[in-house]
Every structure is written in C-alpha cells, then in structure tokens.
Amino acid sequence: MQRATVEVLNAIYETDFKGFSYGFRPGRGPHDALDALTVGIEWRKVNWVLDADIRGFFDAIDHEWLERFVEHRIGDPRVVRHVKKWLRAGVLEDGEWRQVEEGTPQGGSISPLLANVYLHYVFDLWIDQWRKSAGRGDVIVVRFADDFVIGFQHRETAEQCLAELRERFKKFKLELHPDKTRLIEFGRFAADRRKRRGDGKPETFDFLGFTHICGKSRKGGRFTIRRHTMRKRLHRKVREVREELYRRRHEPTAVIGQWLRTILVGHYRYYGVPHNSGRLSAFRYYIVRAWQRALRRRSQKDRTIWVRMDRLADRWLPVPRIQHPYPAQRLCV
C-alpha cells in the first residue's frame, strides 16, 4: 500500500519540488547533486559555503506539521488517512510496541517521500524566496534529503541566512547540529585571500561521502573543486571488509575473490569521480593487504608473499577506473 501511494504522490509532488532538491526523487541521484554543487561553486560568485546538518532529522519530524503539509496538497481524504495511520504505527523494540509522536515510519517505503515533503515546505520554499528577496549577490542551494549546502557571494548574507534559518527550523521542531554546521570561506578567491591573511589553506567540507577541496587545474591553473573520498568513510569500509574477511578466511580463494570484486566494483561506481584516482587506488591497496593477512591466518605456517598476492589481485580485483564524467559534462548533456 505504501509503495502504491508513493507512486501516486510522486507524480503530484514532482511538479512542486524545487530543482535544487535531489534526494529520493525519480531520475535523480547523489551524483546529480554533487555535480550541481561543483558547477554552482565553480561558475557562480561563491566565496562562502554553509555546510549544514539537521540534528536527528528523520526522528525529529513533527507529525502535526507533516499532516498539515500533506493535507495542503492532497485532497483525497483516504490518502491522508493512510498517511496519518502510518505515522502513528509506532515502532517495535525488543518485541515490544512503542508509540511515537515524532519521526517517519522506520523502514517504510513512504518515509523518504514524507521527509522530502516536510523539507519542501520548511526549507525549500523558504530558501528559494529568501535568496530572491533578502539575499544579496549570488546564492546557490543544493539539497539531498536532509543534507544541504548553501553557497554565498558575501559573508554578511551568509551569516544573516544562518541566523534566520535557525529560527525557521525552530518553528518546525528542527535544529541545526551545532558541531556539524559550519560557515567556511571557500571558492576561487579563498586560497589567495587566506594566504594574504596568513590563515593557511582554505577549509574543506564533506557532502555525500566526498571531501570538497579548493584546487587548480593542471592546465592553465584554473580554479576547480577536487572531490576525494572521505577518509572516515574509506577507513570504515576497509575495517568492515577486514572483519568480514576474518570470518570468511577459510572459504575457497575463488569465493573470497569474487566477493571482493563486487566490493571494489561497487566502490568504484560511487566514488569513481574525476580527481579521486588516488583514493580509489588506496582503497584497492588496503583491500589487498587485508586479504593477505586473512590468508596468512589460515595456518601458522602460511607465508603468503606479495608475488602470490599480486597474482590473486590481478585475477580477482579490478584496477580503479573513473566511472563518472566531469560535472560540467553531465549537466550540459
């Protein structure tokens, strides 16, 4: 029933959702949001970036406000009644049912759409109107689910937006995470300005698994944004693979090799963006080392040397390849 409702509501809300919203929408994915953000910062006059994080968003959604938002757009009382029931369904914890007054249904296929509807009214409509009326200079916005980045031309505009955004969220029972929300100097002039002040290199920010860094192209020294796999994400994935290898170390080599191949292929498909070859190669190297250690633990006499590991890696572990075009290419197409 939820999946059928999502199909119907998607057709309705897709005409309302803003173009800078990319999360959980048909025909849109995280790389569309990443490319839009990169092109926006590179092509527009962006000097400051607000990297924001909503504290516990999916658990903090207010049911009363969400129901009002749905009723504002959906006239069919049967659909509205179903949404209200799903919101009040509660959760099971250790076999016991518990009623919840906030948040979307855990694991429900309708949860992403309801979250988008909530932020559409709370954030998207407001920020779109704000940047046209109160915003001075260029203001760009990219949102994927509850993660969003706003770029500003002027610092005063950024500080004003941040202050008003906190008040806006407070009205709808949301809160910006105090430790994960930052206003940083970022853009084509950030490196030169910080160098003159003696502040060092520009700060970086994380978005959708990538660390965004101010850089320059090899040809011509043109400003560009370099996107690298977040170190925390990379090390966490390596740790998960290492633990699984330890549990499966006595399985046949061919089985382990096939499994590791799928891990690498999946990693390359997501993180294989331009300028990220170094992190892709590092991930493959860490996986080879982890596999070697797992093989050596099979027996006290096992001394798997690098010559054999090179043969196994060549046989089973594909080398890194960039899977995605440059951001401007994707958007131009």
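Entry one, the cavity. I noted that the lining of the largest cavity divides into four nonpolar, no polar and three charged residues; Ala, Val, Leu, Ile, Met, Phe, Trp, Tyr, Cys and Pro count as nonpolar, Asp, Glu, Lys and Arg as charged, and the others, Gly among them, as polar. The lining consists of Arg242, Leu245, Tyr246, Ala290, Arg293, Ala294 and Arg297. A cavity is a set of points on a 1 Å grid over the protein atoms alone where a 1.4 Å probe fits but cannot get out, and lining residues have an atom within 4 Å of a point. Helix H9 (231-247) and helix H11 (277-296) each supply at least two lining residues; helices are DSSP runs of H or I with at least four residues, strands runs of E with at least two. I recorded a volume of about 40 Å³ for the largest cavity, the space filled by probe spheres set on the points.

Entry two, the basis. This is a predicted model, where local features need pLDDT of at least 70 and side-chain atom pairs pLDDT 80 or more, while totals for chains, interfaces and linings use all residues. Residues are numbered from 1 along each chain as its sequence is written, and side-chain values use heavy atoms, without hydrogens and water.

I found five of the seven residues of E8 (residues 210-216) buried, that is, under 20% relative accessible area with a 1.4 Å probe, protein chains only. E8 pairs with strand E9 (residues 223-229) in the antiparallel sense over seven bridges; pairing requires at least two DSSP bridges. Threonine 211 stands opposite histidine 228 in E9.

Methods
1 Å grid on protein atoms, 1.4 Å probe; cavity = no way out; pocket = protein on both sides within 12 Å on 5 of 7 lines; lining within 4 Å. Buried < 20%, exposed > 50% of the residue type's maximum accessible area, 1.4 Å probe, protein only.
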